[in-house]
Amino acid sequence: MNEYTFPDLQGISTDYDRDGFVIVRNVLEAGLVLELDRHIDWLIERHPDRRPERLGHQFIVDDAFWVRFLSEGRLLDVVEPLIGPDIAFFAADYIAKPPVDGLEVCWHQDGRYWPLEPME
(Lines give C-alpha, C1' and ligand atoms only; values in the text may rest on other atoms or scores of the structure.)
Protein backbone atom coordinates (compact mmCIF):
# COMPACT_ATOMS: atom_id res chain seq x y z
CA MET A 1 0.00 0.00 0.00
CA ASN A 2 2.63 2.56 1.16
CA GLU A 3 0.09 5.43 1.17
CA TYR A 4 -1.71 6.56 4.31
CA THR A 5 -3.99 9.41 5.27
CA PHE A 6 -3.39 10.87 8.71
CA PRO A 7 -4.42 9.80 11.34
CA ASP A 8 -4.94 6.24 10.00
CA LEU A 9 -1.42 4.81 10.26
CA GLN A 10 -2.28 1.14 10.74
CA GLY A 11 0.47 -0.93 9.08
CA ILE A 12 2.83 1.98 8.42
CA SER A 13 5.87 0.38 10.07
CA THR A 14 5.39 -2.92 8.17
CA ASP A 15 5.29 -1.13 4.82
CA TYR A 16 8.23 1.10 5.75
CA ASP A 17 10.34 -1.85 6.91
CA ARG A 18 9.53 -3.76 3.73
CA ASP A 19 9.87 -0.97 1.15
CA GLY A 20 11.92 1.77 2.81
CA PHE A 21 9.30 4.49 2.29
CA VAL A 22 5.71 5.45 2.96
CA ILE A 23 3.55 8.38 1.91
CA VAL A 24 1.41 9.98 4.62
CA ARG A 25 -1.07 12.59 3.47
CA ASN A 26 -2.78 15.34 5.50
CA VAL A 27 -0.20 15.43 8.28
CA LEU A 28 0.51 19.15 8.27
CA GLU A 29 -2.29 21.66 8.57
CA ALA A 30 -2.44 24.38 5.89
CA GLY A 31 -1.58 27.17 8.35
CA LEU A 32 1.62 25.42 9.41
CA VAL A 33 2.62 24.86 5.77
CA LEU A 34 2.18 28.60 5.14
CA GLU A 35 4.35 29.36 8.17
CA LEU A 36 6.96 26.98 6.84
CA ASP A 37 6.94 28.74 3.46
CA ARG A 38 7.33 32.13 5.19
CA HIS A 39 10.17 30.77 7.30
CA ILE A 40 12.05 29.59 4.21
CA ASP A 41 11.55 33.01 2.57
CA TRP A 42 12.79 34.68 5.78
CA LEU A 43 15.93 32.53 5.82
CA ILE A 44 16.62 33.26 2.15
CA GLU A 45 16.29 37.01 2.79
CA ARG A 46 18.41 36.82 5.95
CA HIS A 47 21.23 34.95 4.16
CA PRO A 48 21.47 36.51 0.67
CA ASP A 49 25.03 35.19 0.32
CA ARG A 50 23.79 31.57 0.45
CA ARG A 51 22.07 29.60 -2.25
CA PRO A 52 18.56 28.51 -1.16
CA GLU A 53 19.63 24.89 -1.69
CA ARG A 54 22.27 25.36 0.99
CA LEU A 55 20.18 26.46 3.98
CA GLY A 56 21.74 23.90 6.28
CA HIS A 57 21.22 23.00 9.88
CA GLN A 58 23.67 25.67 11.03
CA PHE A 59 20.95 28.23 10.21
CA ILE A 60 18.09 26.48 11.97
CA VAL A 61 19.68 24.71 14.95
CA ASP A 62 18.66 27.41 17.46
CA ASP A 63 15.65 28.67 15.53
CA ALA A 64 12.45 28.85 17.62
CA PHE A 65 10.17 28.17 14.64
CA TRP A 66 12.13 25.07 13.65
CA VAL A 67 11.96 23.69 17.20
CA ARG A 68 8.19 24.32 17.27
CA PHE A 69 7.76 22.73 13.84
CA LEU A 70 9.62 19.57 14.88
CA SER A 71 7.59 19.38 18.06
CA GLU A 72 4.33 19.33 16.09
CA GLY A 73 2.33 16.45 17.56
CA ARG A 74 1.04 15.19 14.23
CA LEU A 75 4.58 14.85 12.87
CA LEU A 76 5.63 12.98 15.97
CA ASP A 77 2.58 10.72 15.62
CA VAL A 78 3.84 9.68 12.18
CA VAL A 79 7.46 9.20 13.24
CA GLU A 80 6.86 7.24 16.45
CA PRO A 81 5.51 4.04 14.80
CA LEU A 82 8.60 4.04 12.57
CA ILE A 83 11.38 4.64 15.12
CA GLY A 84 9.75 4.32 18.52
CA PRO A 85 9.04 6.84 21.28
CA ASP A 86 12.65 7.98 21.83
CA ILE A 87 12.77 10.59 19.09
CA ALA A 88 15.85 12.80 18.79
CA PHE A 89 16.53 15.43 16.16
CA PHE A 90 20.13 16.05 15.22
CA ALA A 91 20.23 17.83 11.85
CA ALA A 92 18.15 19.12 8.95
CA ASP A 93 18.49 21.12 5.78
CA TYR A 94 16.08 23.09 3.68
CA ILE A 95 16.71 22.36 0.02
CA ALA A 96 14.76 25.25 -1.49
CA LYS A 97 15.23 25.03 -5.24
CA PRO A 98 14.30 28.26 -7.02
CA PRO A 99 12.83 28.08 -10.54
CA VAL A 100 15.10 28.41 -13.58
CA ASP A 101 18.51 28.43 -11.83
CA GLY A 102 18.11 25.82 -9.08
CA LEU A 103 21.23 23.79 -8.35
CA GLU A 104 21.30 20.08 -8.93
CA VAL A 105 20.78 17.95 -5.84
CA CYS A 106 21.76 14.41 -6.77
CA TRP A 107 20.14 11.28 -5.38
CA HIS A 108 21.85 10.31 -2.18
CA GLN A 109 21.50 8.43 1.07
CA ASP A 110 21.74 10.49 4.23
CA GLY A 111 23.55 7.61 5.96
CA ARG A 112 26.70 8.58 4.07
CA TYR A 113 26.61 12.06 5.61
CA TRP A 114 25.23 11.09 9.01
CA PRO A 115 26.73 7.69 9.88
CA LEU A 116 24.36 6.39 12.56
CA GLU A 117 24.55 3.00 14.16
CA PRO A 118 22.32 1.16 13.80
CA MET A 119 21.04 2.61 10.51
CA GLU A 120 17.45 1.66 11.40
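Student: How many aromatic pairs does the structure hold?
Tutor: The model is a predicted one. Within this predicted structure, the number of aromatic pairs is two.

Student: Is the pair of Phe 65 and Phe 69 stacked or tilted?
Tutor: The ring centres of Phe 65 and Phe 69 are 6.2 Å apart, with 15 degrees between the planes. Planes under 30 degrees apart count as stacked. The pair of Phe 65 and Phe 69 is therefore stacked.

Student: In which helix do Phe 65 and Phe 69 both lie?
Tutor: The two residues are four residues apart, about one turn of the helix. The helix that holds both Phe 65 and Phe 69 spans residues 64-70 and is α3.

Student: Why does Phe 65 count as buried?
Tutor: A residue is buried when its relative accessible area is under 20%. Phe 65 counts as buried because its relative accessibility is 13%.

Student: What is the angle between the planes of Trp 66 and Phe 69?
Tutor: Trp 66 and Phe 69 are three residues apart in helix α3, so about one helical turn separates them. Their rings lie 5.3 Å centre to centre and form a tilted pair, the angle between the planes being 40 degrees.

Student: Which residues form one aromatic cluster?
Tutor: Phe 69 pairs with Phe 65, and Phe 69 also pairs with Trp 66. The residues of the one aromatic cluster are Phe 65, Trp 66 and Phe 69.

Student: Which element gives the most to the largest nonpolar core?
Tutor: The largest nonpolar core has 13 residues, and Leu 36, Leu 43, Ile 60, Phe 65, Trp 66, Phe 69 and Tyr 94 touch the most other members. The elements giving two or more residues to this core are α3 and α2 (30-46). With four residues, the element that gives the most is α2.

Student: How many residues are in the other core?
Tutor: This other core lies apart from the largest one, and among its members are Tyr 4, Phe 6, Leu 9 and Val 78. Its number of residues is seven.

Student: Is Pro 81 buried or partly exposed?
Tutor: Pro 81 lies in helix α4 (residues 73-83). Leaving aside neighbours within four places in sequence, Pro 81 is in contact with Ile 12 and Ser 13. Because its relative accessible area is 37%, Pro 81 is partly exposed.

How values were computed
Residues are numbered from 1 along each chain as its sequence is written. This is a predicted model: local features need pLDDT of at least 70, side-chain atom pairs count only at pLDDT 80 or more; totals for chains, interfaces and linings use all residues. Side-chain values use heavy atoms; hydrogens and water are left out. Rings of Phe, Tyr and Trp (its six-membered ring) pair if their centres lie within 6.5 Å; planes under 30 degrees apart count as stacked, over 60 as edge-to-face and the rest as tilted. Buried means under 20% relative accessible area, exposed over 50%, partly exposed in between (1.4 Å probe, protein chains only). Contact means heavy atoms within 4.5 Å. A nonpolar core is a set of buried Ala, Val, Leu, Ile, Met, Phe, Trp, Tyr and Cys residues joined through side-chain atoms within 4.5 Å.
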